Amino acid sequence: MVKKVFQEAADYISSRSSISPRISMVLGSGLNPLAERMEQTAVIPFTDIPHFPPTTVEGHAGRVVIGTLDGVPLLVMQGRYHFYEGYTMKQVTLPIRVMKTLGIEVVILTNAAGAINLDYRPGDMMLISDHIYLPGLTGNNPLMGPNDDEFGPRFPDMSHAYDPCFREIARKIAQEEGLPLHEGVYISLAGPSFETPAEVRFLRTIGADAVGMSTAPETVVAVHSGMRVVGISGISNAAPGALPSRTTHEEVLAAGKVLVPRMIAILRRLVPAIAEELEQ
Ligand code: HPA
């Protein structure tokens, strides 16, 4: 039996909508316009859902939106829990287990990230091919403690954490739409302080292309329970020292402006393509 915590949260969410999505999406900051395109929506604040961690910042509470996007049933998380806010990794990843309990099979994780790779520019997108989960490697993995065999094995395989089939589909869509899409390694740090230039050099040396403060813990928990994961980063800035010039606030704002329509363009086509693949 699935632990009461996850079951009660899932039961509450499913009581609010008659739609049963197989695909979910976690929207990084600034990507709300995508959820605005959904129809038949039920909007559920995190604070209404049993066992969801209390949100700390008033007015910035996240929410779950269930509805259809161009006819495809979809569950969207607008906002997420971050480790740097003081949540435990188990709290950060609780919504992923609730999604699994709801019957979600594919989760699309989006985020904003800093460029480590010198070929990346603000406004670019990066399809995540693999990750380095630094807090996980150093003792902050959400799967630590007794294993919940209901969800998955004690030692889950992570060799194909980001689904190769869906990556190929995303690549094809980007090509058809003429959208710049890199493919690379996302490194997840605890934050909240940004990296020093020396840290950025270290991250580049160990093989990272983009850096952020989310996603990898969610991927680990999703893959553990057999969910398929797609990860897309919107490059919002160059990490400190990654480019000769300092990144200005204006540049970050400009990157956000081009990123939103680009991310939306790719995600709007990716969701139905994944749905079609699941039907096969
Ligand atoms: N570093 C870490 N996290 C981030 C960055 C960055 O430069 N940009 C967006 N999230």
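**Residue A161 and its chain**

Mentor: In this predicted model, A161 is in contact with T219, V223 and V229, its neighbours within four places in sequence being left aside.

Trainee: What makes these residues count as contacts of A161?

Mentor: Contact requires heavy atoms within 4.5 Å; T219, V223 and V229 are in contact with A161 on that basis.

Trainee: Why is A161 called buried?

Mentor: The relative accessible area of A161 is 6%. Buried means under 20%, so A161 is buried.

Trainee: How do you know whether the radius of gyration of the chain agrees with that of a compact globule?

Mentor: For 280 residues, a compact globule would have a radius of gyration near 19 Å. The chain has 18 Å, which agrees. The C-alpha trace spans about 55 × 40 × 40 Å along its principal axes.

Trainee: What share of the residues in the chain is buried?

Mentor: Buried residues make up 50% of the 280 residues, each with under 20% relative accessible area.

Trainee: Which share of the contacts between residues at least 6 apart in sequence joins residues at least 24 apart?

Mentor: That share is 83%. The chain holds 9 helices and 9 strands.

Notes
Residues numbered from 1 in each chain as written. Predicted model: local features only at pLDDT ≥ 70, side-chain atom pairs only at ≥ 80, totals over all residues. Heavy atoms only, no water. Helix = DSSP H or I, 4+ residues; strand = E, 2+ residues; numbered from the N terminus. Rg over C-alpha atoms; globule rule 2.2 N^0.38 Å. Buried < 20%, exposed > 50% of the residue type's maximum accessible area, 1.4 Å probe, protein only.
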